[in-house]
Amino acid sequence: MNERDVFINCPFSADYREFFEAMVFAVVRSGFTPRCARENDDGGEVRIDKIYRIIAESRYGIHDISKTEPDPGSGLPRFNMPLELGLFLGARKFGGKKHAQKKGLILDRDLHRYQNFISDIAGQDIHSHDGDVEKLIEQIAAWLRDAARDLNVPGGRAIAAEFKRFRQDLPGIAASKRLVTAELTFKDLTAIAAAWIIADSGMT
Amino acid sequence: MAKTGPKKTRRGGESSKLVAGCTVLGTTKDGVRILKPKGGATHFSQKELLGAVASARITNKAR
C-alpha cells in the first residue's frame with residue numbers, strides 16, 4: 001500500500017468531466033498521486049481485478065456517490081461508484097492491519113441525501129460538495145490535510161483558483177496534439193496537471 | 001571488527017527526491033512536493049508536455 005496514493009472513485013460521464021478534472025488536480029496539487037480505474041488501458045487485465053489492485057495499493061480513497069440519475073441510454077442508474085466504495089470499505093474491514101489504516105472521503109451533492117439510497121454507510125466520513133467544483137476542491141484539500149496529517153496541503157480556495165487557470169490552459173495544451181480536452185486520458189490529465197503546477201509555481 | 005568496505009556515496013539530492021517510494025518532480029513555493037504520476041502520458045512525450053504547458057501558459061497570459 002502506497003502512503004501517497006489516492007483512489008478516485010467517481011463518474012466518468014461527460015457532465016461530470018469538470019469535477020473529475022478538479023479531483024485529479026486537487027490530489028496532485030496536495031502532493032499525492034491520483035489513481036483510478038482508467039489509469040491503464042491494458043485490455044488483458046479484467047476491470048474488477050484492476051480495481052482490486054488499485055484499492056489494495058491506495059492508502060486513501062475519494063468516493064463521489066452523487067450521480068444517481070438513470071443513464072439516458074439504459075434508463076437505469078450506474079452502480080459502479082457504490083460498488084467500488086463497498087470494495088474500499090471491505091478492504092479496510094477485512095484486509096488486516098495494514099489496510100485497516102485506509103481512509104476514505106465520501107462525497108454527495110447534499111449532506112443527508114445518501115440516507116435515502118445507501119443508508120448503511122451512515123457513520124462514515126460523508127461530505128457534500130453541493131454540485132459545486134470549488135467546494136469539491138475545498139473538501140478534498142481539507143480532508144487530505146487532516147487525514148494524512150500533512151500541513152503542507154494548501155488551502156482549498158487557493159487550489160480552486162489555480163484550477164480555474166489550469167482549465168483555461170487545458171484546451172491549448174490538448175490542441176498542441178490536435179486533441180480536444182475530452183480526449184485527454186486520465187494519464188494525460190495527471191501528467192499535465194503535475195507539469196502545469198510545477199511551471200505555475202516557478203520551481204523545479 | 002568494523003566493516004571497511006568502500007564508502008557508498010549518494011548522487012546529489014537523490015535521497016530527497018523520493019517520498020513514500022514516489023519520485024518527486026518538483027517542490028512548489030508553498031512546500032508541496034509534486035509526485036511523478038504512475039505511468040507516462042498517453043498522448044505526450046515529456047518534452048512535448050513541457051512545451052505544450054509553457055506555450056499555453058504564455059498564450060493565456062498574453063490575453
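Begin by selecting strand 3 and strand 4 (residues 103-108) of chain A, which pair in the parallel sense over five bridges. The model in the viewer is predicted.

Now display the whole sheet of chain A. Five strands form an open sheet in the order 2-1-3-4-5, with parallel pairing. Which strands stand at the edges? They are strand 2 (33-35) and strand 5 of chain A; each has a single partner strand, so one side of each is left without a neighbour in the sheet. On average, neighbouring strands of this sheet are turned by 25 degrees against each other, direction ignored.

Zoom out to chain A as a whole. The chain contains seven helices and five strands, and along the sequence they follow the pattern β-α-β-α-β-α-α-β-β-α-α-α. The C-alpha trace spans about 45 × 45 × 35 Å along its principal axes. A compact globule of 204 residues would have a radius of gyration near 17 Å, and chain A agrees with this because its own value is 17 Å. Of the 204 residues of chain A, 41% count as buried. Among the contacts in chain A with a separation of 6 or more, 59% join residues 24 or more positions apart.

Select helix 7 (186-201) of chain A next. Helix 7 has 16 residues and reaches 22 Å from its first C-alpha to its last, close to the 22 Å expected at 1.5 Å a residue. How many of its 16 residues are buried? Twelve are, and helix 7 of chain A is thus mostly covered. Including A:Phe186, A:Leu189, A:Ile192 and A:Trp196, these buried residues may be highlighted one by one. To see what covers them, show both chains: the covering elements include helix 1 (17-29), strand 2 and helix 6 of chain A, together with strand 2 (22-27), strand 3 (33-35) and helix 1 (46-62) of chain B. After helix 7 of chain A comes A:Gly202, whose phi is positive, near 75 degrees.

The tour ends in two loops. Most residues other than glycine have a negative phi. Select A:Arg178 in the loop between helix 6 (156-175) and helix 7 (186-201) of chain A. A:Arg178 is not a glycine, yet its phi is positive, at about 55 degrees. Is A:Arg178 buried or exposed? A:Arg178 is exposed, because 8 other C-beta atoms lie within 10 Å and a residue with 12 or fewer is classed in this way.

Finally, move to A:Asp130, in the loop between strand 5 (126-128) and helix 5 (133-147) of chain A. Its phi is near 55 degrees, again a positive value in a residue other than glycine. A:Asp130 counts as partly exposed because it has 13 C-beta neighbours inside 10 Å.

Notes
Residues numbered from 1 in each chain as written. Chains lettered and ligands numbered in written order. Predicted model: local features only at pLDDT ≥ 70, side-chain atom pairs only at ≥ 80, totals over all residues. Helix = DSSP H or I, 4+ residues; strand = E, 2+ residues; numbered from the N terminus. Buried ≥ 20, exposed ≤ 12 C-beta atoms within 10 Å, placed from the backbone. Pairing = 2+ DSSP bridges. Axes fitted to C-alpha atoms, helices over the stretch in contact; angles between N-to-C directions. Rg over C-alpha atoms; globule rule 2.2 N^0.38 Å. Contact = placed C-beta atoms within 7 Å. Expected span 1.5 Å × (residues − 1).
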